[in-house]
Amino acid sequence: MSTEDRRATTKLLFTELRSSGDPQKRDQLAKLHLPLVEYLAKRFKDRGEPLDDLIQVGSVGLLKAIDRFDLDRGVEFSTYATPTIVGELKRYFRDKGWAVRVPRRLQELSLRLNKLVAQLTQDLGRAPTVPELAKAAGVSEDEVLEALESGQAYSTTSLDAPSGDDDDAPMRMDRIGSEDTSLDNLEHFASLKPLIDQLPERERMILRLRFFDDMTQSKIAEHVGISQMHVSRLLSRILEYLRQGFEGDAQY
Amino acid sequence: MVFDTVSLTIPATAGHLAILRTTVGGFAARDQFTLDQVDDLRMAVEEAAVQLLRQSRGQRLNMDIETTDLGVEVRLLAQVDGDDPIIDEGSFSWTILRALADDIHVESKAQRATITLSKHRLTIPGGSAERDSR
């Protein structure tokens, strides 16, 4: 089903559901958007929980979103549902007392730093150093390091800018344009090619920009429209994926 | 200028690589490296360590980090079987390391393989990149 069709069907089903309250319409909506749940659940798959469980948890979020969605708001349903589903998944891990749980204090600092990094990068024309960041945030260098480290541990998977094949997801691909992302330079790494082909377009592009065009993370961040920290996480994840692929056990 | 060195020995297993990454990140971050560069260095160390681990025959992997005039130098060392180059210069790994580090040196001798990575500090105008007074 094309994105257009899905959007149209979604709209129709919501109209019918709201007027009739027919639970079948609710089921149909859930079925229609299950791929979004699967997609988001996969983002958490490295945390040691079976994917099926995560899909189930995510589906609870999807149903909540269906029940709360207001057609008149003018946003696409999947855009509306994404944070609800992710929220449900995160709560699941929080409730489980997950090993990489990060104290709220650090989470907040991490978020604050993320914003400061963007601002300082713009002001300085390059990424800031930790001392610069500490000064700007009014915290110690150790606290900055701790927060950065925890940020790394906490979201090794991409949550703040989902990307994938769901066109309604708030992607930033529009900023990328239609550049050549063929990774020609990679051609002679024949064994890697099938792995690289499986990466989402954005990830392929980041890989190329960093390792073949020698662009800094900050520049890539600007280019792609995501934060430097996010670029950093994606790069680590891509490399990890390629290494696993080398061992014959890859799933991105 | 004072030359600082940090040395670390970890069990030669993938599960301990994060310790190397964290250590090298913490070291570089305190030394006027930008976040980009800190990340580069962490990724480079991880990549180099993975390569060493794949061929390691020993129980331990050793890392020395040192400040130099230009920046930092990280030396990773493990015991290996032969004296073949630990990373082929045509490999993807080499390409990655080349992009992440300013200088790489690979050596295998007497069944000890060493990968040395250098990362140069940016000279920050008005910053304390040239910290010869500390």
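Because the model is predicted, local features are given only at pLDDT of at least 70 and side-chain atom pairs only at pLDDT 80 or more, while totals for chains, interfaces and linings use all residues. Residues are numbered from 1 along each chain as its sequence is written, chains are lettered from A in the order in which they are written, and side-chain values use heavy atoms, with hydrogens and water left out.

**Chain A as a whole**

- Chain A has 12 helices and 0 strands, where helices (H or I, at least four residues) and strands (E, at least two) are DSSP runs numbered from the N terminus.
- Of the 252 residues in chain A, 49% are buried; buried means under 20% relative accessible area, exposed over 50%, and partly exposed in between, with a 1.4 Å probe and protein chains only.
- Among contacts in chain A (heavy atoms within 4.5 Å) between residues at least 6 apart in sequence, 64% join residues at least 24 apart.

- As a general background, nonpolar side chains tend to be buried together in soluble globular proteins.

**Helix α7 of chain A**

- In helix α7 (residues 130-137) of chain A, the residues V130(A), P131(A), L133(A), A134(A) and A137(A) are buried.
- These residues lie on the same side of α7(A) because they cover an arc of only 160° around the axis, the arc being that of the directions from the helix axis to the C-beta atoms.
- After α7(A) comes G138(A), whose phi is positive, near 70°.

**Salt bridges within chain A**

- Over all chains the structure holds 23 salt bridges, each defined as a side-chain nitrogen of Lys or Arg within 4 Å of a carboxyl oxygen of Asp or Glu.
- One of them joins the side chains of K64(A) and E88(A) at 2.9 Å, N to O, and this pair links distant parts of the chain, with K64(A) in helix α4 (residues 51-68) and E88(A) in helix α5 (residues 77-95), 24 residues apart.
- K64(A) counts as partly exposed at 26% relative accessibility, whereas E88(A) is buried with a relative accessible area of 12%.
- The side chains of R202(A) and E203(A) also meet in a salt bridge (3.6 Å, N to O), and both of these residues are buried.

**Contact between chain A and chain B**

- Chain A and chain B bury about 2,600 Å² between them, 57% of it on carbon and sulfur atoms, buried area being the accessible area (1.4 Å probe) that two parts lose on being put together, summed over both.
- The contact takes 37 residues from chain A and 26 residues from chain B, and 4 salt bridges are counted between the two chains.
- On the side of chain A that touches chain B, α7, α8 (141-154), α10 (201-211), α11 (217-224) and α12 each supply at least two residues, and the largest share, 9 residues, comes from α12(A).
- The side chains of E47(B) and R243(A) meet in a salt bridge (2.8 Å, N to O); E47(B) lies in helix α2 of chain B and R243(A) in helix α12 (residues 228-246) of chain A, so the pair joins two chains.
- Both E47(B) and R243(A) are buried, and R243(A) forms a salt bridge with E46(B) as well, the closest N and O atoms being 3.6 Å apart.
- A network of salt bridges links E240(A), R243(A), R21(B), E46(B) and E47(B).

**R121 of chain B**

- R121(B) is found in the segment after β5 (112-120) of chain B, and R121(B) is buried, with a relative accessible area of 10%.
- The side chain of R121(B) reaches the backbone oxygen of T68(B) at 3.4 Å.

Note on methods
Polar contact = N/O pair within 3.5 Å; in protein donor to acceptor, adjacent residues only side chain to side chain.
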